[in-house]
Amino acid sequence: MLSNIRVVLVGTSHPGNIGSTARAMKTMGLSNLYLAEPRVEPDGHSIALAAGASDILKDLVRVDSLAEAIEDCSLVIATSARSRTLDWPMLEPREAGQKLATESLNGPVAIVFGRENHGLSNEELQQCTYHVAIPANPEYSSLNLAQAVQIICYETRVAHLALVAEPQPLESEYPLAADQERFFDHLEKTLLSTGFIIKNHPGQVMTKLRRLFSRARIEAQEMNILRGILTSIDKQVEPKQK
């Protein structure tokens with residue numbers, strides 16, 4: 001199960017954080033590290049701070065975007081501070097660990113950590129199923145990247161050990177991140193063609209729909225039904241546009 005759990009660092013700018021992340025992962029039995037849009041490469045400082053986890057650095061995967069890092073994942077959880085401007089389905093770290101451990105039974109899942117200085121963009125956050133916020137001391141909530149990774153990896157390991165001791169039935173099959181993005185692209189194109197979304201004034205419609213579907217957590221078969229509905233609408237709209 002743990003080999004299906006992917007730690008994704010986005011836009012990392014300090015080599016030492018990559019090494020410290022590898023150490024935090026290995027102590028909890030995780031080994032699958034992805035760097036999305038890294039601004040630096042692992043170096044001697046990274047290896048020193050990995051402290052015996054250099055095998056994770058050797059096998060890490062570099063990709064050009066978050067979308068590429070998570071495209072084959074059915075569950076993606078982003079670490080984020082609670083935000084009033086982007087009200088997304090939120091988890092506590094323990095809940096996040098439980099979901100990561102449980103859904104890794106079906107295939108790849110990911111936990112995403114943002115840039116050291118300003119985290120993840122709203123666009124990146126919207127690509128994720130849930131957000132998780134670590135309830136640190138509000139008077140001093142300055143967790144560094146590796147500390148945040150350690151906390152989530154610990155909760156995931158605890159949940160994993162509980163599953164090993166008392167296996168649970170497999171959950172429903174959920175669509176992969178790449179399939180979800182294709183669905184949202186299709187939905188937006190259809191809503192544009194019907195006039196529900198005005199091209200020059202789209203507002204927040206798609207953001208709110210993404211939030212709705214993330215909160216509902218639709219299954220793969222349900223998404224296929226929705227894609228079929230959109231296709232049937234497209235067939236009705238196309239002749240009228242000619």
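Is Trp88 buried or exposed? I looked it up: Trp88 is buried, at 3% relative accessible area. The cut-offs I used are under 20% relative accessible area for buried, over 50% for exposed, and partly exposed in between, with a 1.4 Å probe and protein chains only.

**Ground rules**

I am working on a predicted model, where local features need pLDDT of at least 70, side-chain atom pairs count only at pLDDT 80 or more, and totals for chains, interfaces and linings use all residues. Residues are numbered from 1 along each chain as its sequence is written, and side-chain values use heavy atoms, with hydrogens and water left out.

**Trp88**

I placed Trp88 in the loop between strand E4 (75-79) and strand E5 (90-91). Helices (H or I, at least four residues) and strands (E, at least two) are DSSP runs, numbered from the N terminus. Next I listed the contacts of Trp88, leaving aside neighbours within four places in sequence. Contact means heavy atoms within 4.5 Å. The list includes Leu125, Gln126, Cys128, Tyr130 and His131. It also has Thr207, Arg210, Arg211 and Ser214.

**Cysteines**

Cys128 turned up among the contacts of Trp88, so I looked for disulfides, defined as a pair of cysteine sulfur atoms within 2.5 Å. The count comes to zero. Cys128 is in no disulfide, and the nearest cysteine sulfur, that of Cys73, is 10.0 Å away. Cys128 is buried, at 2% relative accessibility.

**H5 and H7**

I then went through helix H5 (residues 93-103). Its buried residues are Pro93, Ala96, Gly97, Leu100, Ala101, Thr102 and Glu103. They pack against strand E1 (5-10), E4, E5, strand E6 (109-113), strand E7 (130-132) and helix H7 (145-165). The axes of H5 and H7 come within 7 Å and cross at roughly 55 degrees. Axes are lines fitted to C-alpha atoms, for helices over the stretch in contact, and angles run from 0 to 180 degrees between N-to-C directions. H5 and H7 are therefore oblique to each other. Angles under 35 degrees count as roughly parallel, over 145 as roughly antiparallel, 65 to 115 as roughly perpendicular and the rest as oblique.

H5 passes H7 in a right-handed crossing. A crossing is left-handed if the near helix is turned anticlockwise from the far one by less than a right angle, and right-handed if clockwise. On the H5 side I found Pro93, Arg94, Gly97, Gln98, Leu100, Ala101 and Thr102. They meet Ile151, Ile152, Glu155, Thr156, Ala159, His160 and Leu163 in H7. By class, this contact has seven nonpolar, five polar and two charged residues. Ala, Val, Leu, Ile, Met, Phe, Trp, Tyr, Cys and Pro count as nonpolar, Asp, Glu, Lys and Arg as charged, and the others, Gly among them, as polar.

How do H8 and helix H9 (residues 205-216) pack? Their angle is about 135 degrees, with the axes 11 Å apart. H8 and H9 are therefore oblique, and their crossing is right-handed. Glu181, Phe183, Phe184, Leu187, Glu188 and Leu191 of H8 make the contact with Met206, Leu209, Arg210 and Phe213 of H9. I count seven nonpolar, no polar and three charged residues in it.

Helix H8 (residues 177-194) also pairs with helix H10 (residues 220-241): the axes come within 10 Å and cross at roughly 30 degrees. That makes H8 roughly parallel to H10. The crossing is left-handed. By class, the contact of H8 with H10 has seven nonpolar, seven polar and four charged residues.

Glu37 is not a glycine, yet its phi is positive, near 50 degrees. I found Glu37 in the loop between strand E2 (32-36) and helix H2 (44-50). It is partly exposed, at 35% relative accessibility. Ala51 also has a positive phi, about 50 degrees, and lies in the loop between H2 and helix H3 (54-59). Ala51 is partly exposed, at 47%.
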